[in-house]
Amino acid sequence: MVNYVSILIKNGTVTNDDHQCKSDVLIIDGKIKDVGLNLVAPAGVQVVDATDKLVIPGGIDPHTHFQLPFMGTVAVDDFNIGTQAAVSGGTTFVIDFVIPTKGQSLLEAYDQWRSWADPKVNHDYGLHVAITWWGEQVSREMEILVKERGVSSFKVFMAYKNAFMVNDEEMYHIFKRCKELGALAQVHAENGDLVLEGQKKILAMGITGPEGHELSRPEELEAEATNRAITIANSVNTPVYIVHVMSKGAAEVIRHHRGKGHRVFGEPIAAGLGVDGQQCWNHDWRHAAAYVMGPPIRPDPTTKEYLMDMLATGDLHCVGTDNCTFCADQKAMGKDDFTRIPNGVNGVEDRMSIVWEKGVNTGKLTACDFVRVTSTAAAKIFNVYPQKGRIAIGCDGDVVLWDPKATKTISAATHHHAVDFNIFEGMKVTGLADTTIVAGKIVWSNNKLQTVQGSGKYIESTAFGHPFLGIETRDIARNELLFKVEREPYTGPVIDLSKK
Ligand code: URP
Ligand code: ZN
Ligand code: ZN
Ligand code: ZN
């Protein structure tokens with residue numbers, strides 16, 4: 001039984017993705033009960049002053065991998081530490097990925113993730129499910145996940161050959177099934193065949209260090225796969241969401257297809273917006289290995305501004321993190337071979353501050369844009385809006401008091417992750433979560449956590465959400481272009497191949 005607390009937030013500036021105004025916010029029993037000026041606290045309700053603060057919907061990170069078993073080891077931020085790190089940075093909802101192995105039952109993997117997450121999460125969460133193989137059983141289980149388990153998004157990998165990767169034909173069938181079920185198709189877009197060949201080539205050249213990671217999978221491989229994924233999705237007229245867009249090339253492909261009216265969504269991540277991949281050329285092996293993730297953080301230092309500009313224009317949509325953390329001794333599994341370095345970086349704690357610092361403090365984003373790309377867009381795309389992603393009567397009481405003037409220097413010495421490295425180490429950011437409220441309860445204030453392990457809930461998402469709006473009409477319009485020409489039968493001669 002969740003013990004909800006009630007709270008009145010006074011004198012703040014309520015900031016949604018579409019509007020900003022001075023307002024108080026009253027949360028009773030975990031839900032927003034009232035929004036307006038001069039609200040009076042009912043007896044026994046805690047009052048919090050938000051003068052000079054923005055009152056924003058809690059951040060949503062649509063891409064985490066807490067305690068993921070991956071590349072022979074397990075990510076160290078589990079569902080407890082990971083969600084603590086999240087709330088300390090202003091994030092109150094994450095969507096993690098169930099990743100079944102090839103041949104494994106999707107339902108069994110889903111149950112496994114629920115059993116890991118439910119007793120540990122400090123705030124609400126949702127689940128995407130990866131489709132790593134194809135067959136009748138997968139098709140059936142996808143339906144059960146959508147209709148009975150609250151899953152409405154499925155991710156495919158075009159990379160990690162011989163592990164998670166699916167081929168084009170499998171992708172076509174998976175996307176068709178997604179469309180029938182009203183589930184959003186998500187794609188890790190890299191050409192997995194060429195990644196494998198690139199790895200062999202770079203290792204054969206004697207390059208075994210972390211720089212070999214990017215050299216073996218340059219951005220053309222991401223751009224090509226992005227184009228292929230969108231082409232396949234468009235051929236079945238189903239919406240597609242490209243996870244971790246890391247390069248200008250992939251972002252340009254997304255913009256190109258959006259320009260033609262195709263239903264494509266793109267997700268840059270905190271790492272790609274905050275740092276560049278030149279770190280993988282650092283002379284300290286541990287430092288360089290810490291930045292290894294797939295697709296690689298690109299060495300072109302102008303990539304991060306480019307991706308931020310595309311968030312501003314609306315060609316890219318929500319900011320994730322791909323939070324998947326490995327300590328030095330785990331990364332060292334690849335000390336003599338970069339292909340064995342577990343792929344993944346931190347981000348869930350610093351995501352909101354990175355976006356504020358690099359987006360709002362540079363004038364690229366407004367405060368409303370900030371709310372859109374860190375919360376509301378993800379709530380709409382993954383169909384938990386307006387329960388999440390909005391400050392309004394009836395919405396969940398997941399609220400952050402954002403201090404646009406507060407400053408800190410990011411460091412592994414002070415972060416709330418389990419990992420022993422922070423890829424943003426030494427970066428000074430202005431714009432921090434002053435107070436984080438989850439279901440009406442303060443879980444982060446005065447730089448202290450007051451979380452309750454296991455208090456978060458799994459939130460079911462339903463199918464045919466925002467990305468599917470108008471898809472049926474598009475089907476009708478497209479089918480009108482597919483017509484048969486009525487003509488008289490051909491009566492002329494036909495070549496006789498039996499005669500020489
Ligand atoms: O390097 C990464 N991205 N690790 C997590 C798995 C994935 O591909 O999202
Ligand atoms: Zn991925
Ligand atoms: Zn297209
Ligand atoms: Zn990921």
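I started with K155, which UniProt, in an unreviewed entry, marks as "modified residue: N6-carboxylysine". UniProt positions follow the numbering used here, feature names are shortened, and annotations may be inferred rather than shown by experiment.

I noted that this is a predicted model, where local features need pLDDT of at least 70, side-chain atom pairs count only at pLDDT 80 or more, and totals for chains, interfaces and linings use all residues. Residues are numbered from 1 along each chain as its sequence is written.

I placed K155 in strand β11, residues 153–157. Strands are DSSP runs of E, at least two residues; helices are runs of H or I, at least four; both are numbered from the N terminus.

Is K155 buried or exposed? K155 counts as buried because it has 22 C-beta neighbours inside 10 Å. The cut-offs: buried is 20 or more other C-beta atoms within 10 Å, exposed is 12 or fewer, partly exposed is in between, with C-beta atoms placed from the backbone.

I then listed contacts (C-beta atoms, placed from the backbone, within 7 Å). Leaving aside neighbours within four places in sequence, K155 touches F97, H128, A130, Q186, V187, H188 and V243.

Next I checked the domain record. UniProt lists residues 54–443 as "domain: Amidohydrolase-related", again in an unreviewed entry. That span is 38% helix and 18% strand, and its end C-alpha atoms lie 17 Å apart.

Last, I looked at the largest nonpolar core: 141 residues, with V55, A185, A229 and I242 having the most contacts inside it. Such a core is a set of buried Ala, Val, Leu, Ile, Met, Phe, Trp, Tyr and Cys residues joined through C-beta atoms within 7 Å.

Technical notes
Chains lettered and ligands numbered in written order. Contact = placed C-beta atoms within 7 Å.
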